[in-house]
Amino acid sequence: VTGKIRLGDVDIFRIEELRHDTGHPRHILAGFGQAEWDRHTRLIPAWDWNERHSSTCMSHQTWVLRSAGKTILIDTSVGNSKPRPAVPPIDNLESSYLDQLGAVGVGPSDVDLVISTHIHVDHVGWNTRLVDGTWVPTFPNARYVLPRPDVVFWDPANDDRFARRGNASMENVFADSVAPVIEAGQAVVWDDEYEIDENITLVARPGHTPGNSIVKLTSAGEQAAFIGDMLHFPVQIAVPSWNTCWCEDPKSASASRVKTLTWAADEGVLLFLAHFGGDHAAEVSRSGSTFDIAAWRPLADSEDVRTAHP
Ligand SMILES: [Zn+2]
């Protein structure tokens with residue numbers, strides 16, 4: 001049971017692995033101001049806010065696409081049995097992710113492509129699974145498409161080349177979730193722009209991480225984009241200067257956010273986020289440099305989906 005929508009010739013499913021509280025926004029959003037937050041309560045939907053704990057909430061999910069005869073996963077969430085000492089909500093998680101994929105008809109061997117919008121702990125987890133004490137690719141027939149600047153940035157071999165903000169949360173991640181797919185010969189590493197098929201192209205939008213990217217979808221007159229962590233919370237649409245504490249290069253992260261929102265508003269591009277909860281995508285509008293949500297588009301193309309309540 002999951003959100004589903006068809007855009008042009010592409011079917012899109014949402015697989016949510018988990019949702020958890022992430023604390024008061026002042027701990028997450030750089031430059032956070034309570035007055036500004038309060039001005040935009042309309043952009044703080046119920047799935048994004050736990051009133052009882054005055055806490056933001058985040059979903060971790062994968063977008064499953066059927067495009068040009070292929071099965072494609074965009075970001076692989078957290079994964080099972082992974083030691084994440086600095087991130088308690090996802091430390092040694094055991095989820096029903098593979099069963100959820102199965103429920104939309106996708107078995108591990110059916111996956112043709114795994115796209116990572118960027119390399120972060122909660123985007124590459126199901127790249128691998130533990131079999132007899134060894135991390136092996138979860139999807140044996142897939143190519144894993146990874147942005148080169150992130151592969152270089154997070155490789156422990158380059159520890160002395162980079163001062164990284166995310167070192168603590170990224171402990172073990174390269175070794176258990178990235179290196180095994182490279183060693184298996186299943187990785188495709190790209191720069192700048194990479195065409196997946198006639199509907200889908202990857203484009204670099206650095207800042208959140210050096211290799212941060214978006215997935216553009218154009219099919220039969222429909223335009224959408226899977227923009228990963230360009231936004232963690234809808235309120236950042238109104239205040240795009242608010243980066244999260246997880247953005248490696250705040251200045252470029254903010255510039256990439258404004259560039260992406262401007263493009264989406266001007267071209268009518270439907271936006272799918274990695275961490276928004278609820279079964280819907282976002283249509284954005286702008287007036288000059290002020291952005292807003294024009295509408296939430298429900299992912300309700302099938303009869304058995306949850307009703308969307310933004
Ligand atoms: Zn993320």
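This is a predicted model: local features need pLDDT of at least 70, side-chain atom pairs count only at pLDDT 80 or more; totals for chains, interfaces and linings use all residues.
Local features need pLDDT of at least 70 and side-chain atom pairs count only at pLDDT 80 or more, while totals for chains, interfaces and linings use all residues. Residues are numbered from 1 along each chain as its sequence is written, and side-chain values use heavy atoms, with hydrogens and water left out.

**Figure 1. The protein chain as a whole.** Here you will find 6 helices and 19 strands (DSSP runs numbered from the N terminus: helices are H or I with at least four residues, strands are E with at least two). The C-alpha trace spans about 50 × 45 × 40 Å along its principal axes. Of the 310 residues, 56% count as buried (buried means under 20% relative accessible area, exposed over 50%, partly exposed in between, with a 1.4 Å probe and protein chains only). Take contacts between residues at least 6 apart in sequence: 68% of them join residues at least 24 apart (contact means heavy atoms within 4.5 Å).

Figure 2. Four residues coordinate the zinc ion at 2.1 to 2.5 Å: D122 (OD), H123 (NE2), D229 (OD) and H275 (NE2). Donors are N, O and S atoms within 2.8 Å of the metal (3.2 Å for Na, K and Ca); water is not among the atoms, so sites may look incomplete. In sequence, the spacing of the donor residues reads D-H-x105-D-x45-H. D122 sits in the loop between β7 (113-115) and β8 (128-131) and D229 in the loop between β15 (222-226) and α5 (235-238), so this pair ties together parts 107 residues apart in sequence. Both D122 and D229 are buried.

**Figure 3. H20 in its strand.** Look for H20 in strand β2 (residues 10-23), where this histidine is buried with a relative accessible area of 15%. The side chains of H20 and H60 are joined by a polar contact of 2.9 Å (a pair of N or O atoms within 3.5 Å; within protein, one must be able to donate a hydrogen and the other to accept it, and residues adjacent in sequence count only if both atoms are side-chain atoms). Leaving aside neighbours within four places in sequence, H20 is in contact with residues including T56, C57 and I90.

**Figure 4. I90 in its loop.** I90 belongs to the loop between β6 (70-74) and α2 (97-103) and is buried, with a relative accessible area of 2%. Not counting residues up to four places away in sequence, I90 touches L18, H20, H60, V78, K82, R84 and V121. The C-alpha atoms of I90 and L18 are separated by 8.9 Å, although the two residues are 72 residues apart along the chain.
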